[in-house]
Amino acid sequence: MEFSVKSGSPEKQRTACVVVGVYEPRRLTPSAQRIDDLTDGYISSLIRRGDLEGKVGQTLLLHNIDNTLCDRILLVGCGRERDLSFTQYRKIISQSVSTLNDTGSMEAVFYLTELPVKGCNSSQRIRHAIEAAQDSLYRFDQLKSKKDTTRRPLRKIVLTVPNRRDLTDGEQAVREGMAITQGIQLAKDLGNMPGNICTPGYLADRAVTLSKVYSNLSTEILEEAELEKMGMNAFLSVSKGSRQPAKMIVMNFLNGDPADAPICLVGKGVTFDSGGISLKPGAAMDEMKYDMCGAASVLGTINAIAELQLEINVMAVIPTTENMPDGMATKPGDIVTSLSGTTIEILNTDAEGRLILCDALSYCERFNPSVVIDVATLTGACVVALGKHAAGLFSNHSPLCHELINAGKSTGDRVWEMPLWDEYQEQLKSNFADLANIGGKEAGSVTAATFLSAFCKKYHWAHLDIAGVAWKSGNHKGATGRPVSLLTQYVIDQAGDS
Ligand code: BES
Ligand code: MN
Ligand code: ZN
């Protein structure tokens, strides 16, 4: 999809379709009013007759409207004007895009960017519009032999800004929106790819391919033999039960002052989580192919920031493996020595994410990072706590925590802070080793984060538990690409500050 920005009135647009909003109950937005004035009240007469109430998701397509230069006008219900949330705004955009796609307009000029979305400026509305449009058009059909094709698909969306002087900011928002949606699409594709194709080796290949696109992005793949030599026994304890060799993907985007400390992004890359010997129940086990969505979102973020050529140094560290119950698999009760030297009693092999992350987090120390942010589908308990709306945020550094919260608010890719109080450490005590890898029934997402915090004492760190936000279950099952938008915004903000 192509996006651009423009200013000017709706009647002057020579295009296949002009898209304008109608509020509930039957109230016109400024652009709808403008068209109404030019057509002797045609729009308001339709609305009075009851053709469109203005509820979110309603649409009405009009043809050959007098005194306009466009082929069609799409009226879209926007719900109540007051308290228009970004969620409502994104629904309005999605609905418009799918209607246009189904009704033969290959190009459209959107006046929906004028809607007064709560907490959003014009640039944020443009970013949301691009993300919502791309999201509603996304299909994962690479593995279907017959693909649904649209005869005259929507190819170009023009987003309007109020004045000519808003064009520069608008163009920047389009650049960011396109880079971010490219990253989101990569993250979705990787997440949706089944475990028999998306193996650790596949993720590594995709990282190498990505780094060939940008001259300041490089990738190194550490194989099991090297991981063993370094002493990453916690990581390797997970891959032992699988026939697929584990890999550590290390990417380096170097586009700031070479002396500047890098931001390290760490992503959990479990390409399938069967639970290992502590085998998971069968229901919905297929969804455990998504257990590499942390890795996918880190790759997507690297893609977005490389596309934007942000002037900053960012590294990606991705431990990737399967969690399977083969003959050599780790057994409950086994004790391993992690890279940091801390010994871990593995009481449940299904708590494998923290085992691969702890070694990756210790490994980050050598880069003297400015901050380390890990992203992981870590616990079912986080889904229980926060559902699909916010990722769990845990951090040992409150400025970092606030920067992430703010990036979440401005992108709508939200996070919610959870506690990391010392009292929780009690739950991770082991009779036989320094730490146990599970902390009992209570506060599962907190004890998982507490476990990780033991390996992050030497730098500023944040952990995002994305188990609830990384994919949707049910009929429209699929990866969401979160939190690429959040992470990219965080990096944009950091690049702007330096
Ligand atoms: N990948 C899962 C977490 C998960 C579960 C994400 C459900 C999304 C939906 C993780 O490896 C896991 O199995 N965690 C266990 C931890 C427990 C054994 C302490 C969990 O959450 O049940
Ligand atoms: Mn697990
Ligand atoms: Zn897992």
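The radius of gyration here is taken over C-alpha atoms, and the globule rule is 2.2 Å times the number of residues to the power 0.38. Keep that rule in mind for the first stop. The model is predicted.

**Whole chain.** Select every C-alpha atom. For 498 residues, the rule puts a compact globule near 23 Å; the chain has 25 Å, which agrees. Along the principal axes, the C-alpha atoms fill a box of roughly 85 × 50 × 45 Å.

**Cartoon.** Switch to secondary structure. You will find 14 helices and 21 strands.

**Surface.** Show the accessible surface. The total is about 21100 Å², and carbon and sulfur atoms account for 47% of it. Colour by burial next: 58% of the 498 residues count as buried.

**Charges.** Select the charged side chains. There are 51 positive and 58 negative ones. The centres of these two sets lie 7 Å apart.

**A three-stranded sheet.** Select β13, β14 and β18. They form an open sheet in that order, with mixed pairing. Which strands stand at the edges? Pick 334-337 for β13 and 435-436 for β18: each has a single partner strand, so one side of each is left without a neighbour in the sheet.

**Inside the pairing.** Zoom in on β14, residues 343-346. How do β14 and β18 run, parallel or antiparallel? They run parallel, joined by two bridges. Finish on Glu345, whose bridge partner in β18 is Ala436. Select the pair together to end the tour.

Notes. Residues numbered from 1 in each chain as written. Chains lettered and ligands numbered in written order. Predicted model: local features only at pLDDT ≥ 70, side-chain atom pairs only at ≥ 80, totals over all residues. Heavy atoms only, no water. Helix = DSSP H or I, 4+ residues; strand = E, 2+ residues; numbered from the N terminus. Buried < 20%, exposed > 50% of the residue type's maximum accessible area, 1.4 Å probe, protein only. Areas by Shrake-Rupley, 256 points an atom, 1.4 Å probe, with all protein chains shown as cover. Lys, Arg positive; Asp, Glu negative; His and termini not counted. Charge placed at Lys NZ, Arg CZ, Asp CG, Glu CD. Pairing = 2+ DSSP bridges.
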